[in-house]
Amino acid sequence: QLQLVESGGGLVQPGGSLRLSCVATGLIVEHYGIGWFRQAPGKEREGVSCISISGGSTNYTDSVKGRFAISRDITKNTVYLQMNGLKPEDTAVYYCAADRLTTEKTVCMITPKPYDYWGQGTQVTVSS
């Protein structure tokens, strides 16, 4: 059974850090581009970061560059999103997703369209 399960969310003060995990079952993360997205109340889903099939290419939305870092551990079949310097505007439900359609190994997209399998999300709240 194919599953993407996010964890690591929670309540953190501004300036704090969290590390989100996306554990995959029934799908090998090394074979697909994996993205992180977020959706705040009343807003559209936004691409945050992605890592390519090769693992050598990553992308970030401008608002998180220099603060967030995506990585993967193929031995654990897990993709991580390290979030530092968190701001109240980072508050959202964070989702990981797999792009099973793109075969190009050295690129990844932070738009929702190519991603065809999604996890259930984990809540991140940044507040004092």
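Residues are numbered from 1 along each chain as its sequence is written, and side-chain values use heavy atoms, with hydrogens and water left out. Because the model is predicted, local features need pLDDT of at least 70 and side-chain atom pairs count only at pLDDT 80 or more, whereas totals for chains, interfaces and linings use all residues.

The protein chain contains 0 helices and 11 strands, where helices (H or I, at least four residues) and strands (E, at least two) are DSSP runs numbered from the N terminus. Followed along the sequence, the pattern is accordingly β-β-β-β-β-β-β-β-β-β-β. For 128 residues, a compact globule would have a radius of gyration near 14 Å, and the value of 13 Å for the protein chain agrees with this; the radius is taken over C-alpha atoms, and the globule rule is 2.2 Å times the number of residues to the power 0.38. Along the principal axes, the C-alpha atoms of the protein chain fill a box of roughly 40 × 30 × 30 Å.

Of the 128 residues in the protein chain, 42% are buried, a term that denotes under 20% relative accessible area, with exposed meaning over 50% and partly exposed in between (1.4 Å probe, protein chains only). The accessible surface of the protein chain amounts to about 6,500 Å², of which carbon and sulfur atoms hold 50%; accessible areas come from the Shrake-Rupley method with a 1.4 Å probe, and for residues only the protein chains shown count as cover. Among contacts (heavy atoms within 4.5 Å) between residues at least 6 apart in sequence, 59% join residues at least 24 apart.

A search of the whole structure identifies 2 disulfides, a disulfide being a pair of cysteine sulfur atoms within 2.5 Å. In general terms, such a link is a covalent bond between the sulfur atoms of two cysteines. The torsion about the S-S bond of Cys22 and Cys96 is about 70 degrees, so the disulfide is right-handed. Both ends are buried, Cys22 with a relative accessible area of 1% and Cys96 with 0%.

Another disulfide joins Cys50 to Cys108, with an S to S distance of 2.1 Å. Here too the pair links distant parts of the chain, with Cys50 in strand β5 (residues 46-51) and Cys108 in the loop between β9 and β10 (117-118), 58 residues apart. With a torsion of about 75 degrees about the S-S bond of Cys50 and Cys108, this disulfide is right-handed. Cys50 is buried at a relative accessible area of 0%, and Cys108 is buried at 8%. When the bonded cysteines of the protein chain are numbered in sequence order, the pairing reads 1-3, 2-4.

Two further residues were examined individually. Ser21, which is found in strand β3, is buried with a relative accessible area of 13%. Leaving aside residues up to four places away in sequence, Ser21 touches Val5, Glu6, Ser7, Trp36, Thr78, Val79 and Tyr80. Asn77 is placed in the loop between β7 (68-73) and β8 (78-83), and has a positive phi of about 55 degrees although it is not a glycine. Asn77 is buried, with a relative accessible area of 16%.
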